[in-house]
Amino acid sequence: MDKLNAMKTFMRVAELGSLSAAARDLRLTQPAVSQQIAALEQRLGAQLLFRSTRAVTLTDAGSGYYQRLEPILAAVDEAEEALHGQRHQLQGNLRIHAPTGFGQLHVTPLAIAFQQRHPDLA
């Protein structure tokens with residue numbers, strides 16, 4: 001069982017109140033969502049959801065788990081977004097070799113504008 005994915009799946013089920021709606025949202029099958037929730041419940045040793053034919057509601061244990069899990073998964077998402085943003089920012093040194101006259105006339109204005117757009121580039 002991928003614990004992080006199971007936690008995210010549980011969060012979507014809790015938010016949407018339906019295994020089927022969570023499955024559609026996560027682009028999974030309903031049995032896959034149900035299996036992830038069952039595996040998570042087994043791992044935790046607690047029932048997280050009341051399941052009926054019409055709706056899914058949180059148990060007391062599920063509600064407490066949801067409240068503790070929400071900031072953790074938000075922090076994980078934030079860390080991933082920060083890393084994703086860093087990968088798309090240019091960093092390091094830029095070296096350009098050109099004749100002096102050409103560099104002063106053409107390259108310098110472009111390099112200044114480029115560096116203003118990418119401040120982490122030296």
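1. Arg27 sits in the loop between H2 and H3 of this predicted model. Its phi angle is near 60°, which is a positive value in a residue other than glycine. Is Arg27 buried or exposed? Its relative accessibility is 78%, so Arg27 counts as exposed, given that the exposed class begins over 50%.

2. Helix H2 covers residues 19–26, and its axis lies 8 Å from that of H3, at an angle of about 110°. Angles of 65 to 115 degrees count as roughly perpendicular, and H2 and H3 are therefore roughly perpendicular to each other. On the H2 side the contact is made by Leu19, Ser20 and Ala23. On the H3 side it is made by Gln30, Val33, Ser34 and Ile37. By type, the residues of this contact are four nonpolar, three polar and no charged.

3. Ser20 deserves a separate look. This residue lies in helix H2 and takes part in the contact with H3. Its relative accessible area is 34%, so Ser20 is classed as partly exposed. How far apart in space are Ser20 and Gln30, C-alpha to C-alpha? The distance is 5.3 Å, although the two residues are ten residues apart in sequence.

4. Helix H1 (residues 3–16) also meets H3 (residues 30–44). Their axes come within 9 Å and cross at roughly 110°. H1 and H3 are therefore roughly perpendicular to each other, and their crossing is left-handed. H1 contributes Lys3, Asn5, Ala6, Met7, Thr9, Phe10 and Val13 to the contact, while H3 contributes Val33, Gln36, Ile37, Leu40 and Arg43. These residues divide into seven nonpolar, three polar and two charged.

5. The remaining pairing among these helices is H1 with H2. At what angle do the axes of H1 and H2 cross? The crossing is at roughly 125°, and the axes come within 8 Å. The crossing of H1 and H2 is right-handed. Thr9, Arg12, Val13 and Leu16 from H1 meet Leu19, Ala21, Ala22, Asp25 and Leu26 from H2. The residues of this contact comprise six nonpolar, one polar and two charged.

6. Which residues touch Thr9, leaving aside its neighbours within four places in sequence? They are Leu26, Leu28, Val33, Gln36 and Ile37.

7. The count of aromatic pairs comes to one. The rings of Phe10 and Tyr65 have centres 5.5 Å apart and planes at 50°, so the pair is tilted. Phe10 has a relative accessible area of 0% and is buried. Tyr65, at 18% relative accessibility, also counts as buried.

8. Tyr66 is likewise found in helix H4. With a relative accessible area of 16%, Tyr66 is buried. Setting aside neighbours within four places in sequence, its contacts are Phe10, Met11, Ala14, Glu15 and Leu58. The C-alpha atom of Tyr66 is separated by 55 Å from that of Thr108, which is 42 residues away along the chain.

9. Ala75 is also placed in helix H4. Where Tyr66 is buried, Ala75 is partly exposed, with a relative accessible area of 42%. Between Ala75 and Ile112 the C-alpha to C-alpha distance is 36 Å, and these two residues are 37 residues apart in sequence.

Note on methods: Residues numbered from 1 in each chain as written. Predicted model: local features only at pLDDT ≥ 70, side-chain atom pairs only at ≥ 80, totals over all residues. Heavy atoms only, no water. Axes fitted to C-alpha atoms, helices over the stretch in contact; angles between N-to-C directions. Helix = DSSP H or I, 4+ residues; strand = E, 2+ residues; numbered from the N terminus. Parallel < 35°, antiparallel > 145°, perpendicular 65-115°, else oblique. Left-handed = near helix turned anticlockwise from the far one by under 90°. Contact = heavy atoms within 4.5 Å. Nonpolar A, V, L, I, M, F, W, Y, C, P; charged D, E, K, R; others polar. Phe/Tyr/Trp six-rings, centres within 6.5 Å; stacked < 30°, edge-to-face > 60°. Buried < 20%, exposed > 50% of the residue type's maximum accessible area, 1.4 Å probe, protein only.
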